[in-house]
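Subject: Structure handover

Hello,

Here is the structure for your files. My notes on it follow below.

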Amino acid sequence: MMSFHGSKKKAARHDAILVFVDETKCQLRANLHRTWGRVGQTPVVRSETSPASVKLIGALTSHGELDLYRAKGSINQAEMVRYLSHLCQRFQDKKMLIVWDNASWHNVSNEVATFLKSEEGQQIIEVAYLPSYAPELNPEELVWKTLKCEYLTNHQCGVVAHLIDVIEDSFEWLATRLNPQACIEHIKNLYPLPLS
């Protein structure tokens with residue numbers, strides 16, 4: 001594993017930005033948390049058990065820029081290639097060092113490897129992996145936590161189309177509510193110190 005400071009140095013050497021990427025899914029079932037209610041009137045939130053969900057991919061740069069993207073279907077290598085292409089367009093003319101976990105769709109073989117070798121993919125100088133079972137090292141996890149534990153808390157959508165609308169509304173809310181730079185600062189101290 002490359003340390004946070006080591007990754008930043010490598011990115012700086014190539015005049016690149018460090019981009020943390022992660023995925024999540026939001027389900028139709030209510031994300032229940034504590035809430036208040038009048039004395040003697042316990043609030044009731046009906047929760048469906050539908051497996052339907054909306055998949056999201058997000059990125060957070062070392063400069064504190066936030067990017068949120070709704071996947072068109074399942075998250076797989078083809079969807080990751082679409083997202084990497086989206087990032088290349090979003091951060092045009094900027095080199096990127098991508099940091100993500102060991103999910104199978106991040107495996108740099110097949111479609112992702114082909115994209116990285118393409119002319120468009122040359123904008124990504126390297127892909128680095130977080131250690132297994134260490135989601136706390138990815139600041140994008142704090143974005144998902146804010147989305148699910150604040151915006152979507154106790155919210156029930158009946159159909160996927162409604163959930164998509166709610167999530168797309170949340171993107172604007174997250175942009176104003178969240179301090180992306182604070183997410184980066186929070187995880188900096190969790191990374192091992194660079195070797196001197």
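Of the contacts in the chain with a separation of 6 or more, 76% are between residues 24 or more positions apart; contact means heavy atoms within 4.5 Å. This is a predicted model, in which local features need pLDDT of at least 70 and side-chain atom pairs count only at pLDDT 80 or more, while totals for chains, interfaces and linings use all residues. Residues are numbered from 1 along each chain as its sequence is written, and side-chain values use heavy atoms, with hydrogens and water left out.

The chain has six helices and five strands, taken as DSSP runs numbered from the N terminus (helices H or I, at least four residues; strands E, at least two). Along the sequence the pattern is α-β-β-β-α-β-α-β-α-α-α.

Sheet and helices

The five strands form an open, mixed sheet in the order β3-β2-β1-β4-β5, where two strands pair if DSSP finds at least two bridges between them. β3 and β5 (124-129) are at the edges with a single partner strand each, so one side of each has no neighbour in the sheet. Neighbouring strands are turned by 25° against each other on average, direction ignored. β1 and β4 run parallel and are joined by five bridges; Leu18 stands opposite Leu97 in β4.

Helix α2 (residues 77-90) lies across β1, β2, β3, β4 and β5, at about 140° to β3. α6 lies across β1, β2 and β3, at about 75° to β2. Axes here are lines fitted to C-alpha atoms, for helices over the stretch in contact, and angles run from 0 to 180 degrees between N-to-C directions.

Cores and surface

A nonpolar core is a set of buried Ala, Val, Leu, Ile, Met, Phe, Trp, Tyr and Cys residues joined through side-chain atoms within 4.5 Å. The largest one has 30 residues, of which Leu56, Leu68, Val99, Val143, Leu147 and Ile167 touch the most other members. Elements giving two or more residues to this core include β1 (16-27), β2 (53-61), α4 (140-151) and α5 (160-177). The largest share, six residues, comes from α5. Apart from this core lies another, of 23 residues, among them Tyr69, Ile75, Met80 and Val81.

Leaving aside neighbours within four places in sequence, the contacts of Leu56 include Cys26, Tyr69, Ile75, Trp144, Leu147, Ile167 and Phe171.

Regards

Technical notes: Buried < 20%, exposed > 50% of the residue type's maximum accessible area, 1.4 Å probe, protein only.
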